[in-house]
Protein chains: 2
Amino acid sequence: MKNKSQKLWHEAKKIIPGGSQLLSKRSEMFLPGGWPSYYKQAKGIEVVDLDGNRYLDFSTMGVGSCILGYADKDVNRAVKLAIDKGSMSTLNCPEEVELAELLCSLHPWAHMVRFARTGGEAMAVAVRIARAHTGKDKIAFCGYHGWGDWYLSANLGDRKNLDEHLLKGLKPAGVPRALKRTALPFSYNRIEELEKIIAKEKNIGAIVVETMRHQEPKKEFLKKVAAIAKRIGAVLIFDEISIGWRLTVGGAHVLYGVNPDIAVFAKAMSNGFPCAAIIGKRAVMESAQKTFISSTYWTDRVGPAAALATIKKLKEGKVPAHLKHIGKAIGDGWKRLAKKHTLDITILGPEALITFALNYGERSQALRTLFTQEMLARGYLAGASVYVSYAHKERHVARYLKAADAVFGILKKALGSASVTSFLHGEVAHSGFRRLT
Amino acid sequence: MKNKSQKLWHEAKKIIPGGSQLLSKRSEMFLPGGWPSYYKQAKGIEVVDLDGNRYLDFSTMGVGSCILGYADKDVNRAVKLAIDKGSMSTLNCPEEVELAELLCSLHPWAHMVRFARTGGEAMAVAVRIARAHTGKDKIAFCGYHGWGDWYLSANLGDRKNLDEHLLKGLKPAGVPRALKRTALPFSYNRIEELEKIIAKEKNIGAIVVETMRHQEPKKEFLKKVAAIAKRIGAVLIFDEISIGWRLTVGGAHVLYGVNPDIAVFAKAMSNGFPCAAIIGKRAVMESAQKTFISSTYWTDRVGPAAALATIKKLKEGKVPAHLKHIGKAIGDGWKRLAKKHTLDITILGPEALITFALNYGERSQALRTLFTQEMLARGYLAGASVYVSYAHKERHVARYLKAADAVFGILKKALGSASVTSFLHGEVAHSGFRRLT
């Protein structure tokens, strides 16, 4: 146990099962035994751990939530004002109506909005509305959609059903077995897999798709999915929780010209303050009234106040264009450095969520861990993905790439040695869901 | 349309299905057409609507969430500090470990904690853990537990199964029909109903109980429920979302000397800032690691910072004793006034959630609406229940009872007339779940 942050992580695992509330915030996902784990302060892209060590965040920026950077002054000002005015009362806050109107104006196909506070529950709300609207219980889906029963139930049939959808090895223990075969997976850009599902299954009430993540939709994939949804009378839900607000001010679907029946936002919409939105067509959203969807903390003022301030700044700062510019610079830098050090890597887009893969088979995860270890020693929180933020500036990228240059050199050296893992101070990072002890 | 607040409510219903995110914040639940609906500012127990009208809140105080009063200066200070330090990052916030430790020290039977941001999702987490731990999917329950599939599924069998559990007429549309008969209701204080369930049903993985609401546990009800849970190998979950922190600093179960396997908190724990906690015994909580329970916004710093500050003040201010004292004064006042005006009412405890019922059969709801209408005209948000807060002082109660004296007189007059409803400016308030247009 080297320092306060790591000690606290050790203690946390005794009192919080899994250590964190989020798989992607487990130290073992980045650098077992070496990751700082806890922060005292965060501002812009700088994070200070409990021992006062300072890092520039070239990793997830709050798992994609802090699109403007940490502790953004404009969002924080709006939130503090909301708090001074009282962030909760027996009456409703007008900000949620303003936010509903703004979301509909950015997505003119949508007419009504419900709010939640986390992405996972927002997806459960969307699925509930879709099932209530169609009277059909089954869901065809692709992509990652959180911890909900409706989604994890896919792994009741085959434990590997979700392995292709971002996180491997998700265990469905505790999901009622009665839900077996209610969630049916298909792969992104494989319209034939969806067609196969609907040929067999008549009770599909919703088709749920991550609008995109690292793959661009090909051969009019989204348009074809929409056509199928319409044909079979299913509600089309686009999950924009991870990709929304990064490519354009709103959902990525706006860029592709395909409108769903419902779209779900969270994460970047409110720059780190809990808020989520379910937007949709009037006829579908009105079905929310056929069922009971109600929670006290969905009514606080902080969430919509943060979202209003965030979206305003996303527009005024032309943030998506900035993310694209910076992400491209990072990706181009990786490419150049890989060439220099003759490393075989693949760059994955989109720029706003720029990612590289190390093409070294079973050594890849150890190499990625080594990258994180050596970047950390140089003052960077870094993995294979960068959730670019408005606070990432060109000067940060230049500094980061200078460090990456040295670290890519170490990776090359490790590859030339008998064992990549011998370069690691600790264990190889986890790549999916696993029990922590 | 009289004013800005009511106009906005009218607009909201066009863009938010049901108007609000919470059934209990619908104007129709209080005073259709007359309720102020939206607030500009709230401080202590004073709420200012969009038109600048000022009210003292003798109703729900944010549906039970603002136990210290609105915009409490100590909680707000702690939250603003958390915001200045950056309320979200790629790393975890140490406050959640501190909060986990505090919750376990207040409930020494509990060893581990998970967090969520809303009560409804926290109950879903608790049920998931229980099912994962026992491998048994069915739930026996009593009381109100939110909007989740696991709970609403009770109404798939019989639409009236939930009618006795706080809210009447909850519709389960959109809950997968495969969940039919997975949630089995029994009545509070009727241990024989639970015994009947377990005699028939062998697959009960959890027994879920609101520790108490308006009824005291009788004839060792909670102890007997705990014994049954132990005997059949089910996880006992106490839902402390509404009652927790009001009777003692912690769960109401502490007062009754009965420990569950899991207890769930939200609402008052964080004085209006979204936060929820699932606390439990080590062996049970470790089963959270058998399944995937993970959400980005469960990791923000505002929630635990608010909860830490709230719990500190609850202890230092001896808040539960204050709530009892004030609630008793309100209840005694109602009693005295009812006698004076010869109104037949019943007072329901506990004092911290003091409630009266008007015993006039089908005229009762119109009378309750008239009470709200006339109290509103006198500057009070008032219904049949008062969620007492630390900000309610004796002088407020004296003023409130003076107004109630006049209003009870009007109620008596209405009862003596041909029609109670003719005294109403609008419609009778809704008493349960209903579609809004």
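Predicted model: local features only at pLDDT ≥ 70, side-chain atom pairs only at ≥ 80, totals over all residues.
Trainee: Hi! What rotation and shift superpose chain A on chain B?

Mentor: A rotation of 180° with 0.0 Å of shift along its axis does it, and the RMSD is 0.0 Å. The two copies are therefore related as by a two-fold rotation axis.

Trainee: Nice. Which C-alpha of chain A is nearest the axis?

Mentor: That of A178(A), which lies 2.7 Å from the axis.

Trainee: And why do we say the copies meet through the same surface?

Mentor: Because 100% of the interface residues of chain A are also interface residues in chain B.

Trainee: Let's switch to the sheet in chain B. How many strands does it have, and in what order?

Mentor: There are 7 strands in an open sheet, ordered 4-10-9-8-7-5-6, with mixed pairing. On average, neighbouring strands of this sheet are turned by 20° against each other, direction ignored.

Trainee: Which strands stand at the edges?

Mentor: In chain B those are strand 4 (112-116) and strand 6 (183-185). Each has a single partner strand, so one side of each is left without a neighbour in the sheet.

Trainee: How does strand 5 of chain B pair with strand 6 of chain B, parallel or antiparallel?

Mentor: Parallel, over 3 bridges, with strand 5 covering residues 138-142. For F141(B), the bridge partner in strand 6 of chain B is P185(B).

Terms used. Residues numbered from 1 in each chain as written. Chains lettered and ligands numbered in written order. Heavy atoms only, no water. Least-squares fit on C-alpha atoms with pLDDT ≥ 70 in both. Contact = heavy atoms within 4.5 Å. Pairing = 2+ DSSP bridges. Helix = DSSP H or I, 4+ residues; strand = E, 2+ residues; numbered from the N terminus. Axes fitted to C-alpha atoms, helices over the stretch in contact; angles between N-to-C directions.
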